[in-house]
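Subject: Structure for you to look at

Hello,

Here is the structure I said I would pass on. Please open it beside this message.

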Amino acid sequence: MTFHEPPDPSHGRPYGPGARRPVPRPEFPRWGKPVLIAIAALVVLAVVVGVFVALDTERLWFDSVGYGSVFSTQLWTRVAMFFGFGGFMALTLLGNMYLAYRLRPAYRASSREQLALQRYRNVLEPRRWWLFAILAVFFGLIFGTAASGKWKTWMMWAHATSFGHKDPQFHRDVSYYAFIYPFQRFILGYVMALVVVTTLVTLLAHYLFGGIAIRTPGQRLTRGARAHIASLLFVFVLCKAIAYYLDRFGLAFSSRGVVTGPSYTDVHAVLPAKSILAIIALFCAALFFATIFRPGWLLPAAAFGLLVLSAVIIGGVYPLIVQNFQVKPSEADKEAPYIQRNIDQTRYAYGLTKVQVKPYDATTSASAAQLNDNTATGAGVRLLDNSVLPPTYNQLQQFRNFYSVDKLDVDRYVLNGQEQDAVVATRELNLSGVPATQKTWINEHLVYTHGYGFVAAPGNGVDSDGRPAFVERDIPVQGSLGTFQPRVYFGEGETSFSVVGAPAGASPREYDYPINGGNGQQYNTYDGGGGVPIGSAFRRLEYALRFGDKNLLLSDGINSDSRILYDRDPRQRVEKAAPYLTIDGDPYSAVVDGRLVWIVDGYTTSDGFPYSQRENLNSITQDTNTEKATTAAQASEQINYVRNSVKATVDAYTGAVTLYAWDASDPVLRTWMKIFPGTVQPESAMSAQLLAHVRYPEDLFKVQRKLLANYHVTDPHAFYGQQDFWLVPADPTQTGSAPPDQPPYYLTLKMPDQSKPSFSLTTTFVPRGRPNLSAFMAVDSDPGPDYGTIRVLELPRSSTVSGPGQVQNQFEADPAVQTQLNILRVQGGAAGVVYGNLLTLPVAGGLLYVEPVYVKASGGAGSYPLQQKVLVSFGDRIGFESTYGAAVASLVNASPSPPPSGGSGGSGGAGGSPSPNRSSSASATPTAPGGQTAAQLIADAQLAYAAGQKALANGDFATYGEKQKQVSDDLDQLAKLFGTTGSSSSAAPSSAASSPRASPSSSP
């Protein structure tokens, strides 16, 4: 690039003081402009193609699931808001810049400032429209993009539905705060941002064109510039007055007081202050308006000073005085009416108004008849822990490395004529398990396209070796759940795209499962109708660009009947089909009407319910399952209203998404049903089999239990004192300085006021600062009139019933229990003992704790835990046997054992030294005929086992055989002491994956 000096108009004479010196004009090389134009054209083309591909492939996905109207409504609403709000911003800015140019003075006194500016004016003058357009388009794009992101706010305002419930302060329907108020704040924020940006650009334009002079003699502002800027400031201050008015309603979410909502200070100081400030702001706006016609800046300066001073004194100092000198000395009494409002509104917003809280003076002793009558055979006690057993299910039912059976859920099925809890899983695709030698593009996208089968085992028992007693299993599928389509093309494990389908008569290539005979493999051709047709060259090009994968365009494996499956996760599919829903973190699969379907719970939430306590959804749903990522964590967003308004299903074969209105009375859902008509079916459309598998969702329950821990207290003075607040106990089976919350557990139980057992979701509470139990909570999960009924058994404040942490400490500190656990370790060379979920059941007028015990062997990657024992506790007695029934029966004969000193509610540690007089159903440690104690025999066996393993590693088989015989002799003596068979192999599972908790391997 070169610069050419233009001819000197003075013909060689020096430029005079008033002469205009021409500015050098840049000249590009001849090839420069075409290259720049070509590059710009390519950039524009790339952007256009990228946007088109993204939008068109999304449209195709929505059309494939039958929710095209959801996509088109979102798209055109966002487009309209983008061009509407962005265009208004661009036009406003363009008009103000043009006005600043038109109002430029014809003459300005000469000064260095003006001479410097004149050079820029000379450059910009012929290009001013380009500059104006570029600035207008730039800010228009920013404002349009920001506005289009608020499409939900716009649509909810336009289709608002009444709640039929008014706030206690302003007596407005809640729909105003949930739908209208957010839109008003959005519009106000948009206008104020527009005015600020326009004012700044206008000031710059006036300065550039001479309307404002800083270091030039004469007026600093021309009359036109003053009027122009005063007009903009008038609009801004007017918006500020409106903002003060709206701030009054924003107090409905104030956090100034003890709880969310207007406090005493807010109502008696801040609320009148906002009204006064709104009036003052209107007066100041009038002064700015007067400046348009009256010269000078005295009035606007006075208005600005008045506005700032009023905001500080009336809006800041006055409320502070009221808070410190009126409220603080008697805060409990002053805040009581407002705390009561918060209690009432919070319980309503979180669905806690019908919670049944009943006193429960739990007994610590019961007869054999009472325990047997209440617990029967344990049909409702789930001994299979779905968080411990994924390695077991995987090892026993995986069959191929590219399958995975490690996402376990709890449901119920009718087995042998009786409804029972079942731990179920879907055999899903796991491409990370494909051997490296087989990881080709065709295998990963055209061959290994789906999972296969469903696995289920009753939750209340195992086989003789401690393995789950599967009632649905294997490949091909066999079991007692009937005939159903077993192929899983859509699921939590199907994370990559697959290309499926072929013309009629073509050889199938989608891997199904291994078979005996032939080539040893069974293949399938997808005919489910899901996904997007990808047979045409144009469609293949689109998806090659979307996924950045050229093979989609070049592969010969794609034919005219091929379909591409993507976005296959059930949560993701429901979230896209219903973008207004918050999706539960634990979808589960079920066999329904001959189909394998995913059942997904959807919530409508809001942060706009007045006086309701705001909570972070992510924080209040955290527990052991989210920490271990077995359940998806919720997003970190504020809510103060939630309803489980939608139940959704996703067909595992076709990918079809169906939404059902589970709570049709929810105003938020009704609003969105107006926005997306015809997308949600009524509850009556749900089949009987589907209803039989509906359950109360975990995340909603976790939200409600966190709120109920405080909001079971309904007296405002007691609430203020917080002495009766509860906590969700830390998971006692987890270690660490800050173990996560104990997760809620699904199990079938009968609450004291129920006539028959029901499938329920349960949790416990402990008092703040103390480890003993304060309450037990269960919600009915069986569809019917009692569905969603929350029942709370509140123990007396003086109760000494042990909490989960204390019970776990008792289990781990009991010498007899630990002796038998060490026997299990030595028998199988076990790497450790894994404690399962610690369940709590109200039985026989008291509370029964049940915990399955698993043993895993040190067998490397192929090891897995097997259930060997059951720990139970009732009152101060402990039972520890091979079966649940035997453990409960042994409680009657067990001696009372005092709780360990220093027990904590969260730690799984022993919490103190056990008393030598403690006794459980396992009895005190006996001695062998030779005088050796069980602990000594265990120690000898452990030493012999270690020595044998070392000899085996060195090839010394003679020593290895000798040590093995010593181990066998020790085990035989131990077996005689405890009445077991020393050669039992059930304690030596061939598996051990990582476990939540492993007990110490040393003898107690």
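Below is what was found in it, from the whole chain down to single residues.

The model is predicted. The chain has 27 helices and 35 strands, and 52% of its 1004 residues are buried. Among contacts in the chain with a separation of 6 or more, 69% are between residues 24 or more positions apart. The accessible surface is about 42,800 Å², and carbon and sulfur atoms account for 58% of that area.

Helix pairs

Helix α2 (residues 68-102) and helix α6 (residues 174-209) have axes that come within 9 Å and cross at roughly 25°. Angles under 35 degrees count as roughly parallel, so α2 is roughly parallel to α6. The crossing is right-handed. On the α2 side the contact includes M81, F85, F88 and M89, and on the α6 side it includes F186, I187, Y190 and L194. By class, the residues in this contact are 16 nonpolar and five polar, with no charged ones.

Helix α7 (residues 223-250) packs on helix α8 (residues 264-291) at an angle of about 170°, and the axes are 8 Å apart. This pair is therefore roughly antiparallel, and the crossing of α7 and α8 is left-handed. Among the α7 residues that take part are R226, K240, D247 and R248, and among those from α8 are L271, K274, F288 and F289. The contact of α7 with α8 has 17 nonpolar, two polar and five charged residues.

In helix α19 (residues 667-675), the residues P667, V668, L669, T671, W672 and I675 are buried. What do these buried residues of α19 pack against? Their partners are the helices α2, α5 (151-158) and α6, and the strands β20 (595-606), β23 (641-651) and β24 (657-661).

Two single positions

G803 sits in the loop between β30 (790-794) and α23 (804-813). This glycine is buried, with a relative accessible area of 0%. Leaving aside residues up to four places away in sequence, G803 touches P771, N772, L773 and Y849.

T145 belongs to helix α4 (residues 128-148) and is partly exposed, at a relative accessible area of 48%. The separation of the C-alpha atoms of T145 and F85 is 8.8 Å, although the two are 60 residues apart along the chain. F85 is also one of the α2 residues that meet α6.

Backbone geometry

Most residues other than glycine have a negative phi, and most peptide bonds are trans.

- I475 and P476 are joined by a cis peptide bond with omega about -10°; P476 is in the loop between β10 (472-473) and β11 (478-479).
- D567, which is not a glycine, has a positive phi of about 50°. D567 lies in the loop between β17 (563-565) and α16 (570-577) and counts as buried at 16% relative accessibility.
- Q722 has a positive phi near 65°. Q722 is in the loop between α22 (716-721) and β26 (726-727) and is partly exposed, with a relative accessible area of 35%.

Regards

How values were computed: Residues numbered from 1 in each chain as written. Predicted model: local features only at pLDDT ≥ 70, side-chain atom pairs only at ≥ 80, totals over all residues. Heavy atoms only, no water. Helix = DSSP H or I, 4+ residues; strand = E, 2+ residues; numbered from the N terminus. Buried < 20%, exposed > 50% of the residue type's maximum accessible area, 1.4 Å probe, protein only. Contact = heavy atoms within 4.5 Å. Areas by Shrake-Rupley, 256 points an atom, 1.4 Å probe, with all protein chains shown as cover. Axes fitted to C-alpha atoms, helices over the stretch in contact; angles between N-to-C directions. Parallel < 35°, antiparallel > 145°, perpendicular 65-115°, else oblique. Left-handed = near helix turned anticlockwise from the far one by under 90°. Nonpolar A, V, L, I, M, F, W, Y, C, P; charged D, E, K, R; others polar.
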